[in-house]
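Student: I'd like a close look at a single part of this fold, please. Pick one stretch, then carry on from there to the rest.

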Amino acid sequence: MVRIIFAACFAFIFQCATAQQYTHADTLRGSLSPARDYDVKYYDLNIDIDTASKQVKGAVLISFSPNRSLSMMQVDLAANLTVDSILWRGQSLSFTREADAVFCQFKTALASGKLDSIRFHYSGKPAIAARPPWDGGFVWSRDAQGNPWIAVACEGMGASTWWPCKDHLSDEPDSMMIRVAVPKGLTDVSNGRLVATVDMGDKTRFDWFVSYPINSYNVTFNIGKYEHFSDQYQGAKGLLDLDYYVMPYNLDKAKKQFEQVKPMMACYEQYFGPYPFWRDGYKLVETPYLGMEHQSAVAYGNKYLSGYSGWDISRIGMDFDYIIIHETGHEWWGNNVSCKDIADLWVHEGFCTYSEALYVECMYDKATALRYVNARQASIDNKEPIIGPYGVNKEGAGDMYDKGMQLLNTLRSVVDNDELWFAIIKGIQTDFALQTVTTQQIEQYIIKKSGKDLSKIFDQYLRHAAIPMFEYALKYDKKNKQWALSYRWKADVSGFNMPIRVSDGKGGWTLLKPTTNTQTILLPLLDASEFQIDTAHYYILTKSLKKLK
C-alpha cells in the first residue's frame, strides 16, 4: 500500500497506537484459534453490487481442509453485514456471532485432512472508506462524466469488511473465482483472468479466475465505464499480457503514462526474477483513490502525474509515476512473498519501498539511487518498532516503509558484496515464492546466505524504536603524530555490533568493526575536519564526544 507521507500523520498514528488496549475482538481477528485450524483451498465469491442502494448481496463457497478434528469453524465477516444462511452438505448450519467473527457449528465433527466446503450467504451495506486506501472500505464515486465508479481497498481493515472469509494473512487459497454482477453498461475488473461475461438482464456478471494463491485483502473489484487497451511484454517467461482499464477521457494520457510499465518490469525481473503471476497477466486499473497492490489488478489513481500525486518525494527530480512503480513492486513483495501476521507487514512495505530504490538504480545509476534512499530519512520518526504485536491484527509503525528501505540499504553495505546481495534478494523471491513467511524466516535466510551474523542488526532496527548511535571522540595523539579515534555503538540490543566506514585520511574509507565496548585506532588525518562517517550507506545516528570512557 502507498505510505502516508506527512510526519504529522505518523505522530498521530503513534499516539493512538500507544493508547490502544487490545480487545477480545482483536484476538479473534488476529490469532489462529482452534476454530480457525483449517486450510482454505478455494473460494468462489459471487456478489451482486447495487450501486443505487450501496448494498451488496452474495455468497461464497469456501472449500477447506481441517488440520484437526473440527466441530466449530470461524469465518470472518464484519458485524454490520447480515448472515443470511450457511449451508453444509445441503443442510443449514447453526451459528453464533461475536464481534466480526461468525462461528459455524457442524452437526458432526469434520475429519482432519478431508476436503469439505460450506456456502455462506450474506447481505448488507459494507463500510464506506473515509480516506482510501488508508481508511479502507467501499469507495462509492462517480467519474468525470457522472457514471458510477466503485472500488474497494481494505488492507488493515481486512477483506471481511465486505466478504466472508478466513481473514488472516497466514492462509491463502490455492485459487479463487470472483464473480461480480454490476448494472448493465458498466464493467467490473477483478483479479486474475476474465473467463466469462454473463448477461443477467439489467445486469452483467463478470467472472474472473485467479489461478494463484492470493491473500484476502488483495481480492478486489473495480466497477466503472472503463475503456480497455492492451499490450504485451517480452519477459523472463515469454510474452506477458498487459491490460489497462481507464476512464475513456483519460485514454490518451494512459497510453503515454503506462509506457513506464515495460522498462519497470525489466528492472524488477532483473532484481527479483520473473513476474510472479504470469498466467493471470498484469493489469493497471484506474481507481477513484490513490492506489493499492491488488494482485494482478493493480489499483492506479495517481492522475497520470509524475512522483506522488505530482509531488517529488525523492529530491532526485522524480520523473516517473510513483504509484505504478511502488504498487507493482508489491507483486513481488507482499503478493508473491506474503507475511503470516500483519505485525510483519514490513516484509511487504519495507522490501517494496526498497524496490523503488532498485528501480532508480536500474533506470539511472547507483549514486542516484543512494540519494533517493537517503532523501527519505526525513520522514522516519523512530518512535516505535516497525514490527507490531503478534496475534491482535496490529501493524507495526508507519516507519516500516522508509525505515525498512534504510535497513535493507544498510544490510547491503554490511554484506559488502553486490553480487551476493542481489542473489539473496532474488533468492527470497524464488525460495519463498507463493508462500506466507515470518520475519524470522526472512532474517535467517539472509543470515545463512550472506554468511554473516546479522541477528543483532535485525533486532535493533526491527524490534526497537531507536536506531544505533555511533559515539566517537577524536583527539590528536602527539606521540604518534596522528589522530586517535575512540568509538563504540550505543544501542538497545546487548552486544550490538555492525561494521561501518569512516574516512581514512587518504581520500578513501577504512572499515571499522565497532561493538558496544570502546575501541581506539589511529588515523593519518591531516586535520580533524577531514574526518567523516559514512552515513550515506548506513542508517545511523552519530554523536561526537570529548572523551569516551
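Tutor: Start with helix 11 (residues 455-463), where Ile 457, Phe 458, Gln 460, Tyr 461 and Leu 462 are buried. "Buried" is a relative accessible area under 20%, "exposed" is over 50%, and "partly exposed" is in between, using a 1.4 Å probe on protein chains only. Helices are DSSP runs of H or I with at least four residues, strands are runs of E with at least two, and both are numbered from the N terminus. What do those buried residues of helix 11 pack against? Their partners are helix 6, helix 8 (402-415) and helix 10 (439-450), with contact meaning heavy atoms within 4.5 Å.

Keep in mind that this is a predicted model, so local features need pLDDT of at least 70 and side-chain atom pairs count only at pLDDT 80 or more, while totals for chains, interfaces and linings use all residues. Residues are numbered from 1 along each chain as its sequence is written, and side-chain values use heavy atoms, with hydrogens and water left out.

In soluble globular proteins, nonpolar side chains tend to be buried together.

Apart from neighbours within four places in sequence, its contacts include Leu 45, Tyr 122, Phe 138, Cys 154 and Phe 221. Cys 154 sits in the loop between strand 10 (148-153) and strand 11, and Cys 154 counts as buried because its relative accessibility is 1%. With residues up to four places away set aside, Cys 154 touches Ala 159, Thr 161, Trp 162 and Tyr 217.

Charges come next. Side chains of opposite charge can pair when their charged atoms come close. If a salt bridge is a side-chain nitrogen of Lys or Arg within 4 Å of a carboxyl oxygen of Asp or Glu, the count here is 23. In one of them, Asp 207 meets Arg 179 at 3.1 Å, N to O. Asp 207 belongs to strand 14 (residues 203-210) and Arg 179 to strand 11 (residues 175-183), so this pair ties together parts that are 28 residues apart in sequence. Asp 207 and Arg 179 are both buried. Asp 207 has another partner in Arg 205, with the closest N and O atoms 2.8 Å apart, and Arg 205 is buried too.

Another bridge joins Arg 488 and Glu 471, whose closest N and O atoms are 2.9 Å apart. Arg 488 is in strand 24 (residues 482-490) and Glu 471 in strand 23 (residues 469-477), distant parts of the chain 17 residues apart. Arg 488 and Glu 471 are buried as well. As for the Asp 207 group, shared partners join Asp 44, Arg 179, Arg 205 and Asp 207 into one network.

Most residues other than glycine have a negative phi, and most peptide bonds are trans. The bond from Pro 132 to Pro 133 is cis, with omega near 5°, and Pro 133 lies in the loop between strand 8 (116-124) and strand 9 (137-142). Tyr 304 isn't a glycine, yet has a positive phi of about 60°. You'll find Tyr 304 in the loop between strand 20 (298-300) and helix 5 (322-329). Lys 481, also not a glycine, has a positive phi of about 55°, and its place is the loop between strand 23 and strand 24.

Which of these is buried and which exposed? Tyr 304 is buried, because its relative accessible area is 10%, whereas Lys 481 is exposed, because its value is 64%.
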